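Here is a short briefing to read with the structure open beside you. Take a moment to look around the model, then follow the points below.

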Amino acid sequence: MIFEQIATGGCQSYLMGCAETRSAALIDPEISQLDQYLALAARDGLHIRYLIDTHTHADHFSGARKLAERLQAPVVMFRSSPAPYADLRLGDGEMLMLGKMRIEALHTPGHTSDSMCLRVEDRVFTGDTLLIGGSGRTDLPTGDPHSLYDSLFNRLLKLDPALMVFPAHDYKGRKHSTLGEEIASNPRLQVRDEAAFVEMMNTLNLSMPTHITEALRVNMSGGKSVAQMLDEAAESVPFMSLESLRASLDQVGNALVVLDVRERDAYEAGHVPGARLLPRGQLELRVNQELPDPTQRILVCCEVGKVSTLATATLREMGFASAVALDGGMKAWREAGYPLQTGASA
Ligand SMILES: [Fe+2]
């Protein structure tokens, strides 16, 4: 087996492939690491055939859908997953063939109702059902401590104790453990009475994951996160530095239109000298009057450089081929001590 473990903060993703056929599967890809996964697969001579999510993640953004589109490979999830974009849904005990290897799905609800563990040769990918020295929480949507107890004690822990455990999360930099080690020392697994286990899980009082609303929306719908919208816009536009903009203000006959897309009050409180006001919310409505020449060089700025990136992508999409975004925003401009003009637009 060819095997790579990729950590993104506490999130763990796994690329594994058959050494003979070079067919590979990627487990729990994270959206910010797509290039990293593809580069590793290329380095190892692997062809990714399956993008597998062990469950509906509530704390990070799955990269499965985007990679699936790029690679023309199916997104694999458990049969009951709410994700509409899951192309291949596995039932309990069903297997995927990966060259000479077999990936077996074990339905292990509890952390979520669609959680599955994946058994492959000498290891088991436990998702958030079993972590090193812990278990997944059961207080997020579709979580259930009774199901988790059953999945752990009556299912997962009955497998060969020599199996290596690779979880979907580890926040302490540990790579793996074994089922036997977890049975012996994982504090959650020492509570072997079901009622006591449920009581323990119900009184953990964990704080909510940072991006839970957005992560569930994105992972359950296949929509995009705000960060993904920004990344995609940033990939499609060129940027100009604050210093270049500052220098261009001194050039005689400068044909650059500086377009400030903030709201009027922010603009009037201080803008780049000569900048024109066109709030982002009115861009499409007023663009024909405000910017009649599509060949005009336009530099778009906002407060921190995010809305201006989206606005520049919109302008380019509309045919303003010379629109560029400011790398940074008015906040950085002010902090640099660069000149400001106040009051209404000329
Ligand atoms: Fe999870």
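**The iron site and its surroundings**

Along the sequence, the residues that donate to the iron ion follow the spacing H-x55-H-x16-D. Histidine 55 and aspartate 128 link distant parts of the chain, as they lie 73 residues apart. Please keep in mind that this is a predicted model.

**Metal site**
- The iron ion is coordinated by NE2 of His55, NE2 of His111 and OD of Asp128, at 2.0 to 2.3 Å.
- Histidine 55 sits in the loop between β4 (47-52) and α2 (64-71).
- Aspartate 128 belongs to the loop between β10 (123-127) and β11 (130-131).
- Both histidine 55 and aspartate 128 are buried.

**Overall build**
- You will find twelve helices and 19 strands in the chain.
- The chain is more spread out than a compact globule, because its radius of gyration is 26 Å, well over the 20 Å that the globule rule gives for 346 residues.
- Along the principal axes, the C-alpha atoms fill a box of roughly 75 × 50 × 30 Å.

**Packing and contacts**
- Of the chain's 346 residues, 51% count as buried.
- Taking contacts between residues at least 6 apart in sequence, 64% join residues at least 24 apart.

**Surface and charge**
- The chain has an accessible surface of about 15,600 Å², and carbon and sulfur atoms account for 51% of that surface.
- The chain carries 33 positive and 44 negative charges, and the mean positions of the two sets are 3 Å apart.

Note on methods. Residues numbered from 1 in each chain as written. Predicted model: local features only at pLDDT ≥ 70, side-chain atom pairs only at ≥ 80, totals over all residues. Heavy atoms only, no water. Helix = DSSP H or I, 4+ residues; strand = E, 2+ residues; numbered from the N terminus. Rg over C-alpha atoms; globule rule 2.2 N^0.38 Å. Buried < 20%, exposed > 50% of the residue type's maximum accessible area, 1.4 Å probe, protein only. Contact = heavy atoms within 4.5 Å. Areas by Shrake-Rupley, 256 points an atom, 1.4 Å probe, with all protein chains shown as cover. Lys, Arg positive; Asp, Glu negative; His and termini not counted. Charge placed at Lys NZ, Arg CZ, Asp CG, Glu CD. Donors = N, O, S within 2.8 Å, 3.2 Å for Na, K, Ca; no water.
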